[in-house]
Each structure stands twice: as C-alpha cells, then as structure tokens.
Amino acid sequence: MLSLSVALAQVSYSIPEEMTKGSLVGNIVKDFGLDIKRLKSGKARIFTTDSHEYIGLNRERGVLLIRERIDREALCGETTPCAIHFQIILENPMEFYSVTVEITDVNDNAPFFEKSSVTFKISESAVKGAKFILDRAVDHDVGSNGLQTYRLEPTDNFVLKLRDQADGKKSVEMILEKPLDREMKEHLKFILTAVDGGEPQMTGTMTILITVLDVNDNAPVFSKAVYKALLNENAPEGTIVERVSASDADQGSNGEISYSISSIADNARGLFEVNSETGEISLKGKVDFEKTRTFQIDIRASDDGGLVDSCKVIIEIIDVNDNKPNIHIMSQSTVIAEDAKPGTVVTIIKVQDADSGDNGKVQCSIDANIPFEMKSTNDFYTLVTDGELDRESASEYNISVSCSDEGVPSLSSSVTLTLQISDVNDNPPVFERSSYEAYIVENNTPGLSIFTVRATDADWNQNARVSYILEDSSVNGASVSSYVSVSADSGVVHAVRSLDYEQIKDFQFRVRAQDGGSPPLSSNVTVKILIQDQNDNPPQVLYPVQTGGSLVTEMVPRSADVGYLVTKVVAVDVDSGQNAWLSYKLQRATDRPLFEVGLQNGEIRTIRQVTDKDAVKQRLSVTVEDNGQPSRSATVIVNVAVADSFPEVMSEFTDFTQDKEYNDNLTFYLVLALAVVSFLFITCLVVIISVKIYRWRQSRVLYHSNLPVIPYYPPRYSDSGDRDSPACVQLRGVQDH
C-alpha cells in the first residue's frame, strides 16, 4: 500500500554542453532538502520519457552526474533555451520531484558554407549599387557562439551588406561598389569569410568566382518578396508546396530566368527542391510538425546575363493527428490491502502527446464500476482508490487505463494495470447452520464420534483457518467437557463417556469457531445432543411385593363368578418409548386353567367357575415383558388361595410354607445358640474380674444379671371386608421360643 505525498517541488540547473562523463550536475539532497537515508529507503530513481538518460543519480552521495556526453546541437538544434526535463521518483511514501537541466552552448562548431564556391556571371554594364545575394553560412552554435558577421576579401569592386531577416538571421548581399570592366579583367575571385562570436573565434570560408559578361541591363524581379505556404505534415513526396515567379524585361537569353535555392536552413536540407524552369517548389522528403513547424527557403532568380533577384519562401507545417498518447508508468503498486483507505495512491503515470493544439490534448479514463478513479495534474495522472475494497468480492483487478486525444479522428493508447488485493481478517467464521441437533444412542462407547460442526471463513490463507473450541458450561452440575469434546481442526464432536438415557435425556452446549487472523475473529453456535433410549432395563414389579420373609396371597371365594378380579400385577420399565411398553403373560398354573392375565393391564381374573376339584392353593407365575429389541422380562409369583374362610387358608398354606419355614427356623436357631454362648462367656469373664477386684479392694460390688426375653409375635391377618375385591393374606413366619 502506497501513500501519496507528492511534493511537486522543482529545481533547475544550468550546465555547459560537452561535459565529461561523471561530472557533477547538482546536489539534490541539499537543493530539495532531502536525506540520504530517504533516497535509499525510497529507492530513488530518475524517470524520463526520453530514450537517452544523459543525467544519472548517485544515491550514496545524493548528487546528479553526467552519464553521457551532451551535444546541445544534436539535442535541441537551434531551439533556445535547450533543457532536459526529468523527475526523481521516491516510494513509500510515493513522491516525485521535477528537475530541469539547461544545456548552455559552447563554441564547438565553426561556421561553414554549404557550397565551397559559388559562381556569378555579371555584366560589365552593371551599375554601382547592384546587389548580388550570397549563400548564408551555417553555425550550429547559438547565441554569442553563433554566426556574427561576414568579411569579403578583397574589396576592390564589391562591399558586403548584411540585412536582418524575419527569422532573426542575416542575409548577405554583395554590392557593386566599382564598375566592372571585362576588357581589363574578365574573371574575379573573392573570399567570403563567416565569423562567429565564440572564444576562441572560429571562421568558415567560401570562394566567389565572378565572370564579367557583356551588357545585360535588366535583372529578374520576383512578384513577391515573401511567399507563404501551408503544408500538411503527412503530405506525400512530390507535393507542390508553392510556385514562385519572377520576370525579366530583357529579351533573348538575357530574359531567360532560372530558379535555384540560394539559402536554406539546416532542418530543411534535402526536404525541398525547386524546378529551375517553372519555379515550383516540391516536397522530396518527410516533414514532421513535432520536429519542425516552420521552414524558410531563399529562392534566387537569375538570367543568362548574370543579374539576379531573390525572395523568401516561408513554409508552415500544419499539424496532423498522427501521434498516439504515450503512457509512461512512473511508479506502480502491484499489491494493496483490502482495508486501504479511499484516496490511497496505487499508480502514478505520465501521459504525453507529441501533437499540438487539440491533437495534443489528452484525457485518461479507467473502467467503470470499480473502486478506483483517475486524478490529473497537468500531464501527470494518479490512480487512487475511490471506495472500500473487499478481497472476498474481488481479489484482483485488471484496470485498463485508456488515454485519448481530441484530434479528428481521435487516437488513443491504453495500458492494463494488474492489482492484487491482499487479505485482511475482516470476516468471522460462519457455521453452516444457525444451530445443530444430533442424536446418540445411550450406552455408547467413550470416544464415539457423534457428528461434525462445520464453519467457513470467507478470508484467505491463515485468516481463513478455522479452529473449533468447546465453550465451558455445566451439565447436571458437571463440566460439559466431561460429556463431549470437539476436535479443534475438524470440528468432530466426540462423546467422552458412556451416556445413560435414564439419567439425562438431552443437553446442549456452545461451540466457538475461531479463525487464525490477528486479532482472531469468532462466532458461536448452539449444539443440542438428544440421547436415544436403549432397552437396557428389565421391567420392575411393584406389586405383588416379593420379599424373602413374607408371602402375599390373594384369596378367591369359591363362589366367585367368571371374570372375578383376583389381583393386578403392577410393573414399570424405566426405559422409554416402545422399550417401556409392557405385556403380561401367565406362564404356568397349578391346575387346569382357572385364571388368565390381561395382556396389557396385568389384571388376573377367573376364566371359569370354581369347582370342588380346584385346589385351595394356586401358584401363578406371571412374566412381564417389554417391547424392546431384544426384549427384557421379569417374573413374579402370585399365590392365590381358593377358599371362603381364613382358617381354611391358614391350614393349607402352613404346609405350603413348611420347607421355607424349616430353613428359616434352622438359621434362626443357629444364630440364637451362638449369641447365647457368647453372652455366657462374657458374663463369666465379667464375674471373675469383678471378684478379683472385690478381693483386692475389699469393697462390695453389687452384680445384677438380666436374662434376655425373646418376644413372641402372633400372626396378623388383614381382610378387605369386600367379597368382590381381592383378599390379601400376609403370613409371617412364626417362631416358637
């Protein structure tokens, strides 16, 4: 992420051309008020749109040095002032500083003439003051080092006259000062010297050869002193630029005019030619408005008599939209954090169009519907964020920057900037469900996997790595971690111990999903565990009560009708659902079927009339079975007495319980005998000790001994007093002491 702190400071330096490589240009640390450390940390570099880098930056010293020899004439031609423009780019934060280095001229070019010699044919009748246009010299230097004046030697017949031209240069005219005499001297030779103003002074020469002719008293005359023409820069070769015209009042060969170029600027050499007969000026090369916008040509008209006239042709080049905008990336970020604030600088570019006017006006734009915008300052454009970034919505942007000029037709250039959005931990994990509900069968194996909770995180890499944490809570007074555990990596919920449906039917807890960001983000979900019942408990008989020391007997009168309710077996099953559905079955009876038990309600009823053949004592075995898979059962013994009175019942059930009572009595007597022997031993021991103490102390000791009394408990009978309801007789063991 880059922040923009564009200083837009500017400094200018002035150096002479032809400085040696490594020469000092300027100290930017001092002039811009920078720090050497800032140059290094900001990776300072020079940005220029030119193909040559004449100036280099030394980060260690903070100075600008000459990298390549600079030739002002090759760099700028006649343009003044001549300057190199570039920017110094710093990053983190992004800054740039503009530097202008003016290249001053040194006198390294001598004046020279395009032709080493020129020939004139002048009539001897030429009058005093006749002028002859001479070719101008060329000096690539400028200012005081450029061409300053001319000298003509010898000066017997002619003198020089310099005239200022509109382009700032001087035309050279040779004026006849003394009439010529062919008979005295037919051929004359002069030396024209061009002198510059440099130190040391440099010169160039041209030889003027004059042939004196017989009388030709009318010189050619141009129709205009200055011709102006317009030429499109994309004009093809051979295009007629302008036509000059001159007339001569003489007749014959003295009136025949030929046209030639007498003087032409360096930048126009080889581009134009003139038809010597028609005076048509045509294009013979390519012109470029961006290099030269105006050309000046001096045309000479001469007759066969040697008389001449001259005119100036000014050719203005019309710009054509033939240059696309050039996009230069000065500094670019390829990665930016998704939490970057609006206005964060992503890229700085510089756009140039070599055309002029509307053809050179450029507008840049980017794709719509993206959180970025372009801001412009002169030729500089900055791409900045214009809204909130979200890596989860768009992790990469391919931003197309299009720059178009205002020419007709418009030309455009484009560049694609690829920008990666780096992740910031701004999304908490999200569970697949708002709550979870899972089932587990009781009596499970500890460590059993119950189910899996899953959460996803829209972030990336470490920020999207989800860990699962069991939040601390209590279940039935115990920590939830003693019931279940959660795998931190996979979210699998395991049972820590075996669960019992009869103790706990369901419980709930919370699981937290936490990502690996810094700081981490998390979310919670509620998990409810439902325990499913398993048929692990047999039915329990509540009535009749089965005890070792007593028997419960139901009494049925012999006059009982069919369907008489004898008793009801009451049982429960602590399981639930179908595991607790109970059914009752009569396994076996003591005689032919007299009773039946209700399959669902456990009621024992008579199924026929009681007869004399039916035994008084009936022993019924009832099995209570649940509906589980596999089923579990319990068996209860129901004693039924078929009699009308209690004495009859008692007489029958005395033998019925004889074996059991015999065993009970035997055990009782053994225990009693052991208790009596122990008691007598302790009593004797106490008596002996007491006697010894008595004799030793000679004191009276009163000894009391109490014999145990064994109580007698008579049998108890209970009668409901209702003939239609079952009679219950409880017979307890009777011990004789």
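Me: Is D298 buried or exposed?
Reply: In this predicted model, D298 belongs to strand 22, which covers residues 294-303. The relative accessible area of D298 is 10%. Residues under 20% count as buried, so D298 is classed as buried.

Me: With which side chain does the side chain of D298 make a polar contact?
Reply: Beyond its neighbours within four places in sequence, D298 is in contact with R136, S260, I261, S262, S263, C311 and K312. One of these residues also has a side chain in polar contact with the side chain of D298, at 2.9 Å. That partner is K312.

Me: What percentage of the residues in the protein chain is buried?
Reply: The secondary structure of the chain comprises 5 helices and 52 strands. The chain has 737 residues, and the buried share of them is 41%.

Me: What share of the contacts with a separation of 6 or more joins residues 24 or more positions apart?
Reply: Contacts here are pairs with heavy atoms within 4.5 Å. Among contacts in the protein chain with a separation of 6 or more, the share from residues 24 or more positions apart is 67%.

Me: How many residues lining the largest cavity are nonpolar?
Reply: A search of the whole structure finds 1 cavity of 30 Å³ or more, and the largest cavity holds about 50 Å³ of space. Its lining consists of I46, T48, D50, H52, E53, Y54, I55, I84 and F86. Of the lining residues, 2 are polar and 2 are charged, while the nonpolar ones number 5.

Note on methods
Residues are numbered from 1 along each chain as its sequence is written. This is a predicted model: local features need pLDDT of at least 70, side-chain atom pairs count only at pLDDT 80 or more; totals for chains, interfaces and linings use all residues. Side-chain values use heavy atoms; hydrogens and water are left out. On a 1 Å grid over the protein atoms alone, a cavity is a set of points where a 1.4 Å probe fits but cannot get out, and a pocket is an open set with protein on both sides within 12 Å along at least five of seven lines; lining residues have an atom within 4 Å of a point. Grid points are joined across faces, edges and corners, and a volume is the space filled by probe spheres set on the points. Ala, Val, Leu, Ile, Met, Phe, Trp, Tyr, Cys and Pro count as nonpolar, Asp, Glu, Lys and Arg as charged, and the others, Gly among them, as polar. Helices (H or I, at least four residues) and strands (E, at least two) are DSSP runs, numbered from the N terminus. Buried means under 20% relative accessible area, exposed over 50%, partly exposed in between (1.4 Å probe, protein chains only). A polar contact is a pair of N or O atoms within 3.5 Å; within protein, one must be able to donate a hydrogen and the other to accept it, and residues adjacent in sequence count only if both atoms are side-chain atoms.
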